[in-house]
Amino acid sequence: MTTPSISPYIKDGVELDQIIVQGIRVTAFHGVYTPEKESGQLFLADVVAHVSTQSAATKDDLARTVNYSDIADRAAEVLGGDPSDLLETVAEHIARAILEMEGVHCVDVVVHKPQAPLHVEFRDVMVKIRRDLRSGTLWADKRIGSSAGMPGDPFAPRVRSDNPADNPPLQPVVAYLALGGNIGDVDTTFREALWELHKIPGIMVQRASSLFKTTPVGGPPQDDFLNAVVEIMTALAPRELLAACQGVEVLHGRERHEENGPRTLDLDILAYGDLAIDVDDLVVPHPRATERAFVMKPWATLAPNYEVPGAGRVADLADAISSQGVSMVQERWPQQDAEPAQS
């Protein structure tokens, strides 16, 4: 039996990986007709779970990915479980069971019924569906860095909210993001993150600061950090931008085990146009940015004349902070042949 081709699933502008289990075979009692429910027949299922495998692959750790044995067991349990009249119902139940697994963002399910009671010769009968966290009604509980509400999301009503964090701008605005990391090849991670951000609908990466190295302060013993600031144009609402940043962090294996601990990638929103926002999950401008040399020193190489709402000019704020422990390692970054950006 040949499984129909599976199209990619794009999350936050990035194509997810696929874990595929084909040909799960169970004798079951699904069907409209009484003989089908009495004698049973063969059913097969193919399941494609769309996940991010990068963290698991990097650390060679099963706990960081979705176990294909668990996928097979859950699908077989549903396939051989309570009878349903329709293949569509069986496929829907399998999809829901797989979406409930941690780390699965989307699932494709194909249910085969090769012994279906047809009146002509045939090779197979199948139903193929795709469900993601939204269409599987699991969105609210499982979204981490999701693309909920982003342009192109057909499920997202674009209505104005009383909360400014949820309202997209009437016209694209300039926003600034801080990048930090000290695990792995951080320079490459930063470059990949910029490209991943740029691919997200509603985000256009404009330019980046010089690259800086920072001695860690607080937390456990760890390697020095690299830091940079990037300027973007965005049509996303502030919370949508936050979700996109968190999605890119997840793709690079970001974990939050301890405060001030090492990390592969930090993406923080420093400023969003001229808005001042203070809600549970987002404060803009970033409340501690002006106290951090590893933010202000790179930012001053990118946009020295930018006025941080309620705080002042970036260059002046950077000059007011000691640069101890913070040093420039690459002036023209990421394009080494580019001229330093000025505002």
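This is a short chat about one predicted protein model.

Trainee: What should I know before I start?
Mentor: The model is predicted, so local features need pLDDT of at least 70, side-chain atom pairs count only at pLDDT 80 or more, and totals for chains, interfaces and linings use all residues. Residues are numbered from 1 along each chain as its sequence is written, and side-chain values use heavy atoms, with hydrogens and water left out.

Trainee: How many helices and strands does the chain have?
Mentor: Nine helices and 16 strands. Both are DSSP runs numbered from the N terminus: helices are H or I with at least four residues, strands are E with at least two.

Trainee: And how much of the chain is buried?
Mentor: 49% of the 343 residues. Buried means under 20% relative accessible area, exposed means over 50%, and partly exposed is in between (1.4 Å probe, protein chains only).

Trainee: Which residues touch the most other members in the largest nonpolar core?
Mentor: Leu177, Phe190, Leu197, Ile203, Ile232 and Leu241, out of 34 residues. The elements giving two or more residues to this core include β7 (173–181), α6 (186–199) and β10 (225–234). A nonpolar core is a set of buried Ala, Val, Leu, Ile, Met, Phe, Trp, Tyr and Cys residues joined through side-chain atoms within 4.5 Å.

Trainee: Let's zoom in. Where is Val230?
Mentor: In strand β10. Val230 counts as buried because its relative accessible area is 1%.

Trainee: What does Val230 touch?
Mentor: Leaving out residues up to four places away in sequence, its contacts (heavy atoms within 4.5 Å) include Tyr176, Leu194, Val205 and Leu302. The C-alpha atoms of Val230 and Ala178 are 6.5 Å apart, though 52 residues separate them along the chain.

Trainee: Now Ile19. Buried or exposed?
Mentor: Buried, because its relative accessibility is 12%. Ile19 sits in strand β3 (residues 17–28). Tyr68 is 49 residues away along the chain, yet the two C-alpha atoms are separated by 6.9 Å.

Trainee: How do helices α3 and α4 cross?
Mentor: The axes of α3 (residues 68–79) and α4 (residues 87–99) come within 9 Å and cross at roughly 145 degrees. Axes are lines fitted to C-alpha atoms, for helices over the stretch in contact, and angles run from 0 to 180 degrees between N-to-C directions.

Trainee: Which residues make that contact?
Mentor: Ile71, Arg74, Ala75, Val78 and Leu79 come from α3, and Val90, His93, Ile94, Ala97 and Ile98 from α4.

Trainee: New topic. How many disulfides are there?
Mentor: Zero in the whole structure. A disulfide is a pair of cysteine sulfur atoms within 2.5 Å. Cys106 counts as buried, because its relative accessibility is 0%. Cys245 is buried at 0% too.

Trainee: Which peptide bonds are cis?
Mentor: One runs from Val284 to Pro285, with omega near -5 degrees. Pro285 is in the loop between β13 and α8 (293–302). A cis bond also joins Trp333 and Pro334, with omega about 0 degrees. Pro334 lies in the segment after β16 (326–330).

Trainee: What about the phi of Asp60?
Mentor: Positive, about 50 degrees, although Asp60 is not a glycine. Most residues other than glycine have a negative phi. Asp60 is in the loop between α2 (54–59) and α3. Asp60 counts as exposed because its relative accessibility is 73%.
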